[in-house]
Amino acid sequence: SNDFTLGREVDIFEKNIKKLINAKNVLAVGSGTDAIFLSLKCLGIKDGDEVITTPFTFYATIGAIVTAGAKPVFADINYDYNIDPKEIEKKITKKTKAILPVHWAGKICDMKKIKKISKKYSIPIVEDACHAILAHDNDKKYAGNFGITGCFSMHPLKNLNVWGDGGIITTNNKKIYEKLRLMRNHGLISRDNCKLY
């Protein structure tokens with residue numbers, strides 16, 4: 001088809017993922033790392049900001065935070081290897097701009113408690129769901145639908161993978177989706193016009 005970048009096949013893939021995990025908006029990106037980085041930048045994360053996450057994760061989670069300009073702040077894990085919500089609350093400061101839980105090995109974090117903390121302090125959640133395609137809680141709510149964005153990896157070692165690398169961002173927020181769509185492609189609205197830079 002000569003669709004080498006984005007194009008019809010990517011559109012179809014995004015629609016299929018949207019149905020599969022019941023997300024309102026899905027965006028394909030280059031990797032799970034890109035998904036996290038773009039999500040943080042879309043939220044306006046900048047130098048000096050802090051992002052609370054778990055130390056029990058692959059380096060890409062931390063790399064994306066640092067590349068976005070923020071400082072990773074570690075909250076310890078629980079018995080299930082996922083971030084402990086009580087530890088998150090202890091780490092919140094005036095500089096905290098996001099909470100980034102990791103659904104380790106497909107096991108959903110305690111998102112009810114994390115969402116309460118997010119709401120109490122008005123701090124957005126960016127889910128690292130790189131290991132968690134089709135993972136869900138007891139209410140059948142899928143990973144990627146709890147935070148402002150959900151970030152998935154399609155690295156060859158993940159449970160849904162591609163030849164090479166790939167990633168997905170999910171969001172149920174239309175404004176975030178529209179901004180991420182622009183950010184994914186250098187802010188271009190057409191071949192010759194850039195709306196976001």
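## Helix H6 and its ends

Helices here are DSSP runs of H or I with at least four residues, and strands are E runs of at least two, both numbered from the N terminus. With that in hand, let's look at this predicted model, starting where helix H6 stops: just after H6, His-186 takes a positive phi of about 60°. At the other end, where H6 starts, Asn-173 places a side-chain oxygen within 3.0 Å of the backbone nitrogen of Lys-175.

## What H6 buries

H6 covers residues 174–184, and its buried residues are Ile-176, Tyr-177, Leu-180, Leu-182, Met-183 and Arg-184. In an α-helix there are 3.6 residues a turn, so residues three or four places apart point the same way.

Four strands form an open sheet in the order S1-S7-S6-S5, and their pairing is mixed. S1 and S5 (126–128) are the edge strands, each pairing on one side only. From one strand to the next, the twist averages 20°.

S1 and S7 run antiparallel and are joined by five bridges. Leu-27, for instance, has Ile-169 in S7 as its bridge partner.

## Helices across the sheet

Now back to the helices. H6 lies across S1, S6 and S7, and runs at about 20° to S1. H2 lies across S1, S5, S6 and S7, with an angle of about 160° to S6.

Key: Residues numbered from 1 in each chain as written. Predicted model: local features only at pLDDT ≥ 70, side-chain atom pairs only at ≥ 80, totals over all residues. Heavy atoms only, no water. Buried < 20%, exposed > 50% of the residue type's maximum accessible area, 1.4 Å probe, protein only. Polar contact = N/O pair within 3.5 Å; in protein donor to acceptor, adjacent residues only side chain to side chain. Pairing = 2+ DSSP bridges. Axes fitted to C-alpha atoms, helices over the stretch in contact; angles between N-to-C directions. Contact = heavy atoms within 4.5 Å.
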